[in-house]
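Hi,

Here is the structure I promised to pass on to you. Please have a look at it first; my notes on what turned up follow below.

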Amino acid sequence: MLKRCLALLAACSLAAPALATRIAVPIPLLAIAAGAEPIVLRRLAIRAELSGGMAETTVRMVFFNPNRRPLEGTLQFPLLDGQQVSAFALDIDGAMRPAVPVEKAQGRAVFEAIERRGVDPALLETTQGNNFKLRIYPILAGATRTVELKYIEPLARQANQWTYRLPLAYGKVQDFALDVKVNGTAGEAPQVRGSLSDVRFERGDGDYHASVARSDFTPDGTLDIAVAAREQPAVYRQAVDGATYFVAEIPLAAQSARRAAPRTIGLLWDSSGSGAGRALDAELAELERYFGALGKVDVRLIRLRDRAEAPLAFQVRNGDWRALRRALESTVYDGASALNDWQAQPDVDQYLLFSDGLLNYGAAHAPALAPRQRLFALNSSVSADSARLSALAELNGGELITIDPQRPGEAARALLFEQARIDNISARGATDLVAQSRTLKDGMLRVAGRLLATPGQQLVLRVSNGAASQDITVPLDAGAPAHPMAAMLWASWRLRQLEGDYEMHRAEIGRIGRQFGIPTRETSLIVLDRLDDYVRYDIAPPAALKAAFDSLKSLRGQASALERTKHFDTVLRLFDERVTWWNTNFAMRKPKSAEGTALREFEPDPATPIIQGYAPSLAYSAPAPAPASVAARSEAVSVTGRRSVSNAATQGEATPPASVGIALKKWVANAPYIERLRAAPADRVYALYLDEKPGYANSSAFFLDVADILIDKGQRELALRVLSNLAEMDLENRAVLRILGYRLLQAGAPQLAVPVFEKVLRLAQEEPQSFRDLGLAQAAAGLPQQAIDTLYEVVLRPWDSRFPEIETIAIAEINAIVAAARTPLDTRRIDPRLLKNLPLDLRVVLAWDADNADMDLWVTDPDNELCNYSHRLTTQGGKISRDFTRGYGPEEFSLRRARPGKYRIEANYYGNRQQVLAGATTLQVKLFTGFGTARQKEQVITLRLKDKGETVYVGEFEVATSAAR
């Protein structure tokens with residue numbers, strides 16, 4: 001579910017006045033976290049230019065921050081199918097600076113690195129489908145920031161008119177200005193309907209112009225402008241970077257033919273949480289018409305959410321589909337969108353996918369259909385992945401059908417009747433041909449391509465129209481008028497075509513994004529304040545800064561290879577220090593109070609043999625991940641492990657204690673819904689959750705709490721569904737996705753966690769946690785080779801200084817996985833100097849979800865000696881890793897030999913440096929016994945801290961006294 005933010009673009013309607021009533025309520029324009037006064041829109045200036053059947057809209061917004069601290073603002077918005085962001089700019093030193101394209105992962109990394117320094121960056125990126133996120137920092141206290149967005153679109157054609165629609169539901173603004181220009185119109189003035197219907201156009205030299213200026217104005221509704229359209233084909237050209245692109249607009253009188261009636265329909269019903277946002281009444285009305293026209297058909301209903309439900313069979317006879325309708329009306333919309341998690345059935349003739357197409361869970365590839373089977377995608381949602389839906393449908397002989405509540409019956413007719421359709425496109429003197437749509441839309445076909453230096457250029461279309469086929473030839477002569485949007489439309493349609501197999505075409509998608517300066521799955525748009533930052537991160541600046549950029553870059557030179565060498569030398573030194581610590585005998589040292597204890601160097605004890613390498617003499621079974629239910633069912637959980645001293649010694653292990661228990665203090669939230677759900681019988685909890693859900697739809701804590709309760713009550717599958725809602729909350733929010741992945745691991749579902757962490761890695765390759773999380777999930781899922789390969793990236797890559805010594809933590813985990821593997825792993829890629837397993841009696845790892853937050857791990861041993869960031873080595877050898885003050889952790893406590901007694905584990909919230917006001921921070925704490933050995937046991941707990949200075953008791957180890965030691 002997208003945040004409700006940018007009114008302009010979030011309110012773009014499928015057809016006006018189709019959704020005019022839905023966009024009339026003013027909504028916040030710039031999203032910030034709860035706890036601050038809303039950002040105010042001071043000025044709104046909109047400029048629109050219409051040329052032929054295309055339009056470019058420029059929206060300039062001036063925001064004011066009434067708060068006493070600088071904030072980061074976020075705009076999230078969808079665009080309609082066919083609309084494409086073409087430019088973005090931010091005010092820097094009083095002037096608008098245009099954004100430039102950057103590889104997507106790099107763009108996010110650069111934005112956050114610069115933001116931490118308090119400098120001005122801005123980033124515009126796609127999230128999923130035609131949905132976008134714009135991040136701006138800083139919006140200074142009591143100051144303004146100016147943002148400018150441009151987008152282009154082909155206009156809809158109705159009869160002999162082009163129609164342009166502009167949403168205006170921004171709420172009250174201090175200053176409002178609108179300027180509209182219509183080029184190339186010599187006939188009657190454009191017609192105006194809807195909001196601002198008093199606007200009047202004045203005729204100029206071959207164009208019409210209208211402008212409006214208002215103060216203390218509340219724009220609302222939708223402005224509709226209708227312009228006369230040509231009835232003959234039109235061709236437009238544009239030269240960009242040495243290439244000439246064209247767009248051909250071809251009106252066509254449609255002659256439809258009735259399709260062969262299917263005998264069996266597979267009805268794929270998107271029942272995920274976002275599915276509730278569709279125009280469900282309109283969808284049911286179209287099915288009513290369709291089944292009424294078919295009369296007789298068998299239907300297999302498959303609900304899709306976090307996983308596909310078993311098919312339900314229905315028979316429609318004489319158009320009577322009441323039983324199926326009741327089933328659809330009773331659908332519960334909950335969970336993530338695993339839209340590919342279904343199996344094709346050979347006896348189904350036609351599949352109907354009702355969905356917004358926002359795939360965020362499960363398999364990446366859709367099931368393959370037989371050649372005779374057809375799939376139609378039907379969408380009634382504004383926020384949708386139209387490109388994916390269209391590509392999927394056209395790949396399977398169907399089409400994307402938009403359901404518009406204000407145009408009833410059109411979707412049913414599109415299913416019943418074959419529309420005019422392009423069967424083949426060819427050209428002489430042109431290449432890279434692409435159609436806006438293979439199916440006739442609003443009586444118009446559009447094709448774009450790149451012209452070659454060949455005489456006699458022409459475009460040829462083979463079109464099926466009704467029962468007949470025809471060839472349409474369109475000359476592409478050099479006299480075609482220039483159009484400023486032709487190249488951008490070609491790029492937009494080519495990107496749409498490539499979405500059919502995104503993984504296969506990632507490189508081309510990236511090239512198009514960089515060439516045309518548009519956000520894609522592979523590229524984002526970024527604005528930087530300082531020339532030095534463009535050079536530092538090797539990002540080509542706007543044209544005005546190019547000369548200075550080249551000069552400064554030549555002075556800097558390249559030092560990346562040297563940096564990697566220096567980094568790895570540091571890693572080797574740190575690991576050598578860890579080996580020295582491991583070989584130090586702390587057993588004879590007397591307990592000492594932590595107060596006033598200085599940090600000590602690691603000195604090896606001559607009585608302890610120093611490990612030079614490690615090769616296990618027997619194959620260990622991989623330790624099974626502990627499911628969340630174990631930790632959640634009782635206040636204290638005891639896990640013990642025993643092993644003989646002699647056998648341990650042969651493996652180079654620390655001498656194990658006879659018995660080690662883990663007791664976790666169960667995390668109990670105090671939200672108002674908790675008591676109600678805990679008191680309910682197991683079979684009633686999910687229904688009560690659905691009753692509470694509307695009030696907590698944007699709270700990750702709510703879904704975590706409910707999932708815990710469902711697991712407590714033995715409802716694991718429903719708990720996994722509830723957890724999957726985190727994938728729906730905020731598209732491409734890596735913090736939320738990390739929480740989801742952690743909890744799936746805790747629930748014993750690593751096969752579901754792996755694709756979640758794979759997505760996190762694509763979003764944040766600049767953060768070592770992304771590789772570490774994925775590697776550990778792969779290990780839990782029984783993929784040890786992939787796990788060590790992924791974890792080794794943490795070791796190899798140089799990281800920002802805010803991730804101190806995370807490499808040594810990853811090395812310990814690699815060695816533990818290698819030691820536990822059932823069969824030998826390929827470790828040739830790993831430097832042999834790092835292949836030394838260092839088993840531990842006790843290990844604790846703390847990680848959290850909030851960037852720029854400082855959480856601290858505290859461990860107090862039986863001698864009451866506290867090990868924390870200020871006292872990193874205890875008398876008996878307990879060692880804590882470097883303090884993470886600006887990252888997500890992890891912080892690790894390690895103890896090779898544990899003395900008998902209780903070890904208390906606590907987590908402390910030291911503070912945060914976040915520019916977005918933060919809510920509660922979710923922490924994950926893992927407690928291990930026998931780490932790196934065959935007796936390894938692990939328990940996990942997830943909890944939340946909100947207030948600076950808050951300390952929470954996590955749990956404890958209890959090491960029993962053993963006469964054998």
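Let me start with a pair of strands: E13 and strand E16 (residues 222-228) run antiparallel to one another and are joined over 4 bridges. Strands here are DSSP E runs of at least two residues and helices are H or I runs of at least four, both numbered from the N terminus; two strands count as paired if DSSP finds at least two bridges between them. Within that pairing, Gly-194 sits opposite Leu-223 of E16.

Before the rest, a word on the model. It is a predicted one, so local features need pLDDT of at least 70 and side-chain atom pairs count only at pLDDT 80 or more, while totals for chains, interfaces and linings use all residues. Numbering starts from 1 along each chain as its sequence is written, and side-chain values use heavy atoms, with hydrogens and water left out.

Back to the sheet. E13 and E16 belong to an open sheet of 4 strands, ordered E10-E11-E16-E13, with antiparallel pairing. Strand E10 (156-158) and strand E13 (191-194) are at the edges with a single partner strand each, so one side of each has no neighbour in the sheet. On average, neighbouring strands in this sheet are turned by 30 degrees against each other, direction ignored (axes are lines fitted to C-alpha atoms, and angles run from 0 to 180 degrees between N-to-C directions).

Next, helix H21. This helix covers residues 768-780, 13 residues in total, and spans 19 Å from its first C-alpha to its last, close to the expected 18 Å (1.5 Å times one less than the number of residues). H21 is mostly covered, with 11 of its 13 residues buried; buried means under 20% relative accessible area, exposed over 50%, and partly exposed in between, with a 1.4 Å probe and protein chains only. Among the buried ones are Pro-768, Phe-771, Asp-773 and Gln-778. What covers them? The cover of the buried residues includes helices H19 (734-746), H20 (750-763), H22 (784-796) and H23 (806-820), along with strands E34 (840-848) and E40 (921-931). After H21 comes Gly-782, which has a positive phi, near 80 degrees.

Now the aromatic pairs, of which the count is 19. The rule takes rings of Phe, Tyr and Trp (its six-membered ring) with centres within 6.5 Å; planes under 30 degrees apart are stacked, over 60 edge-to-face, and the rest tilted. Tyr-245 and Trp-490 make a tilted pair, 5.2 Å centre to centre with 40 degrees between the planes. Tyr-245 is in strand E18 (residues 243-251) and Trp-490 in helix H7 (residues 486-498), so this pair ties together parts 245 residues apart in sequence. Both Tyr-245 and Trp-490 are buried.

Phe-771 is in helix H21 and Trp-799 in the loop between H22 and H23, 28 residues apart. Phe-771 is buried at 4% relative accessibility, and Trp-799 is buried at 16%. One aromatic cluster is made up of Tyr-673, Tyr-686, Tyr-689, Tyr-696, Phe-702 and Phe-703.

On to charges. Side chains of opposite charge can pair when their charged atoms come close. The count comes to 64 salt bridges, each being a side-chain nitrogen of Lys or Arg within 4 Å of a carboxyl oxygen of Asp or Glu. Glu-309 and Arg-721 form one, with the closest N and O atoms 3.5 Å apart. Glu-309 lies in the loop between strand E21 (297-304) and strand E22 (312-316), and Arg-721 in helix H17 (residues 716-724), so the pair ties together parts 412 residues apart in sequence. Glu-309 is partly exposed at 24% relative accessibility, whereas Arg-721 is buried at 13%.

Arg-462 and Asp-471 also meet in a salt bridge (2.4 Å, N to O). Arg-462 is partly exposed at 38%, and Asp-471 is partly exposed at 46%. Finally, a network of salt bridges links Glu-72, Glu-112, Arg-135, Arg-734, Arg-738, Glu-767, Asp-773, Asp-800 and Arg-802.

Best wishes

How values were computed: Contact = heavy atoms within 4.5 Å.
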